[in-house]
Amino acid sequence: MLALVVGVLPSQARDLSAGALLDDMSVRERTSYIMGVVEGLGYARFRKDTILSGEKDERGMKCIYDWFYTDNTAALDKIEAAFEQYRKHTPALVVTALVRQECGERCK
């Protein structure tokens, strides 16, 4: 029902893959999407680390933000290259893998 209201029919729906992001979104749209993924990963990491340590722990979140926002042009280039290489995977999975390479699972 919602699909009919917003004008998207199920037959038009497409799985959102990294390749689809590259093919179907403008640079501006892709950048906004990726920034949303980074923000979500940063906050999820903050929650996870805080729960595990029993006190406010921003180190993992800071690592993620520093990785992306210190030089977001370089980070976006790296992310888009990974999207090209892993076109069939979801964008969040690809960005998560890059974040884990940079920041690990949990700061020590």
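Colleague: Which residues is Val95 in contact with, leaving aside its neighbours within four places in sequence?
Modeller: Keep in mind that this is a predicted model. Val95 is among the residues with the most contacts inside the largest nonpolar core, which has 20 residues. Its contacts beyond those neighbours are Val37, Val38, Leu41, Ile79 and Phe83.

Colleague: Which elements give two or more residues to the largest nonpolar core?
Modeller: Ile34, Phe68, Ile79, Phe83 and Val95 have the most contacts inside this core. The elements giving two or more residues to the core are helices H2 (18-24), H3 (27-53), H4 (59-69), H5 (72-85) and H6 (91-103).

Colleague: How far apart are the end C-alpha atoms of H3, and what span should its 27 residues have?
Modeller: At 1.5 Å a residue, H3 should span 39 Å. The prediction agrees with this, as the end C-alpha atoms are 38 Å apart.

Colleague: What covers the buried residues of H3?
Modeller: The buried residues of H3 include Ile34, Val37, Val38 and Leu41, and also Arg30, Arg45 and Asp49. The cover over the buried residues of H3 includes H2, H4, H5 and H6.

Colleague: Is Ser17 buried or exposed?
Modeller: Ser17 is found in the loop between helix H1 (2-6) and H2. Not counting residues up to four places away in sequence, Ser17 touches Arg87, Lys88, His89, Thr90 and Pro91. Its relative accessibility is 14%, and the cut-off is under 20%, so Ser17 counts as buried.

Technical notes:
Residues numbered from 1 in each chain as written. Predicted model: local features only at pLDDT ≥ 70, side-chain atom pairs only at ≥ 80, totals over all residues. Heavy atoms only, no water. Core = buried A, V, L, I, M, F, W, Y, C linked by side-chain atoms within 4.5 Å. Buried < 20%, exposed > 50% of the residue type's maximum accessible area, 1.4 Å probe, protein only. Helix = DSSP H or I, 4+ residues; strand = E, 2+ residues; numbered from the N terminus. Contact = heavy atoms within 4.5 Å. Expected span 1.5 Å × (residues − 1).
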